[in-house]
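These are my notebook entries on a structure that I am opening for the first time. I write down what I looked up, in the order in which I looked.

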Amino acid sequence: MSNLQSQIIELEPILATRSLSKSFKDFKAVQQLTFSIDKGDIYGFLGQNGAGKSTTMRMLLGLIYPDEGEIFIEGQLFNNQNRHLLAKIGAIIERPDMYGYLTGWENLRMFATLSDPSIKNSRLEEVLEIVGLRDRAKDKVKAYSMGMKQRLGIAIALVHKPELLILDEPTNGLDPQGIAEMRHLILSLSKDLNKTILISSHLLFEIEQIATRMIIMHKGKKIVEGQVEELLNPNETLVEVHFKHPIELTTLLNNTTWLSLLHQTSPLVAVFKMNPSETPMLNKTLVERGAEIMEIKSKHSLEAYFLTLTNDTSVKN
Amino acid sequence: MIHLLKIELFKIFKRPRTYISFGTITAITFVIQLAMLTDGKAFVNFALQGINEQFEIQGNILNGYLVTYIILQSLLVHIPLLVALVAGDALAGEANLGTLRLLLTKPISRPKLVMVKFLSSVIYTFILITWLAVVALAFSLLLFGKGDMINLKSDSIILILQDDIMWRYLASFAFAALAMTTIAAMSLFLSAFADNAIGPIMTTMGIVVVLTILSNLALPLFSLIKPYLFTSHMIGWKGFFDNPVPLKSILTSAGVLLLYTVGFVLGTIFYFNKKDIKS
């Protein structure tokens, strides 16, 4: 491969879709979805249940055929005729289901051979070390916990050294410690092994801590796509104020600019959409006007942003 | 392709369920052999009641060849269930287990996967029939010894000399393997439509039972369709115990079974290649 060719491949998104759509009878699961993933990204795929995340991931892996649109893997059109492009991808879709009557090693050996028959046992040992399963490799998978199955799933996804990992809800069914371990593992795959990762989860807090870029889907449509830092604009933080007694805020804040920032209110709680640096000023105004404040907290998180966005969209729809 | 096939065979023969079939065949065969050891002479005398009055029959009538024929008559009807246990599970079982989606995220083509599933089912079927041959023929010969074989038909008696029998058995087992390959192909075809193995296994048995009944009904309406039912041709192995052997009829039956097999495999490839994997 010439230098120019390799530079072109470097610039090419590792995965891209153009106007991807899929319906199941009358249900439009994914509509006109266009997005791209650059090399090195940890790309968060967010959306409520039924938003179309899993359907999209299945289309990206050739499990489900799109009704319309195209998928490109490193710039090459992916369809049923060139499934060899899947060698560039490792994936776990939904649950990490494997053959329970086989050992972890046997499962890994089998799927490694399916990806590339030339993969040596030393590579298997290497990935088992990465996911922390080396000591349990000879145990039957039916004896594994959900966390161990997830880690074996990641070993299977990693074993053929793919450039892109597609992980659909990898923290599903894990306990808090398992979730933390999985997060650590995913971050190290990106940082230490330089993998590009597409990850979906309904645990948005997890994605916020992992992803560099993200797409938010709702009812099969893309709502927003971009850098997590940009999407989590600190000037748009939600500040929640808890009062000691029920209060009529519209009267209390009459003739102030704060009223325009009021996002949501109930007798004991008010939410302002504002720059958090202005929180002391808000506090001062409220106290001066006789409000007794119990607590002020910032809801600066992707979850708040996501919920606001999807709720707003629902209202618009 | 060879790597894929090795993997499929590894999965089949690592699974405890696979050995149910071998255990069942062994158990039933031994039960029949035991029954023939204890009551075989009375059974043979009863069967030859009318003939004994007109002919003088000498020698070891209750020999290994006759016992094997009796075993095959009773057992070959049930082998389709044992074949369906594996072939019906090939795609639907993977879907039910959730491993189908993991398999299909690997860079292998769907037609190739179907072909490998079919070939592995065929290899399993051949091994099963070979096992049947070993436990039925080898153990019967060991227990009952050799001798000329009397094949009692509804309208005639066929005497086959012991030196002329072994090739007939080998040919019969080969034909039975072909017939069971058709069953495997049908089970695999049904398996492509389901996400649970029970459905294709039961449907295979349902189809075999219904078509066998239709094949055996002596009604003019069904006579028209009988030549086109694969179940009518599955009993073609019996032809090898006729004298002379109806080679043309056997080859026709083999051809029909082969056509059905190819049809089922192509149907599976066509459907599975278009199927959305939602399991």
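How many residues does the contact take from chain B, and how many from chain A? I noted 20 residues from chain B and 24 residues from chain A, where two residues are in contact if their C-beta atoms, placed from the backbone, lie within 7 Å.

Before going on, I recorded that this is a predicted model, in which local features need pLDDT of at least 70 and side-chain atom pairs count only at pLDDT 80 or more, while totals for chains, interfaces and linings use all residues. Residues are numbered from 1 along each chain as its sequence is written, and chains are lettered from A and ligands numbered from 1 in the order in which they are written.

**The side of chain B**

I then looked up which elements of chain B touch chain A, and found that α1 (2-14) and α7 (99-103) each supply at least two residues of that side; helices (H or I, at least four residues) and strands (E, at least two) are DSSP runs, numbered from the N terminus.

**Chain A as a whole**

Chain A holds 12 helices and 14 strands. Of its 317 residues, 39% count as buried, a residue being buried if 20 or more other C-beta atoms lie within 10 Å of its own, exposed if 12 or fewer, and partly exposed in between, with C-beta atoms placed from the backbone.

**Strand β3**

Which strands run parallel to β3(A)? Four bridges join β3(A) to β8 (residues 196-200) of chain A, and five join β3(A) to β9 (residues 213-218) of chain A; two strands pair if DSSP finds at least two bridges between them. Phe45(A) has Ser200(A) as its bridge partner in β8(A) and Ile215(A) in β9(A).

**An antiparallel sheet**

β12(A) pairs with β13 (residues 269-274) of chain A over three bridges, and Gln264(A) has Val271(A) as its bridge partner in β13(A).
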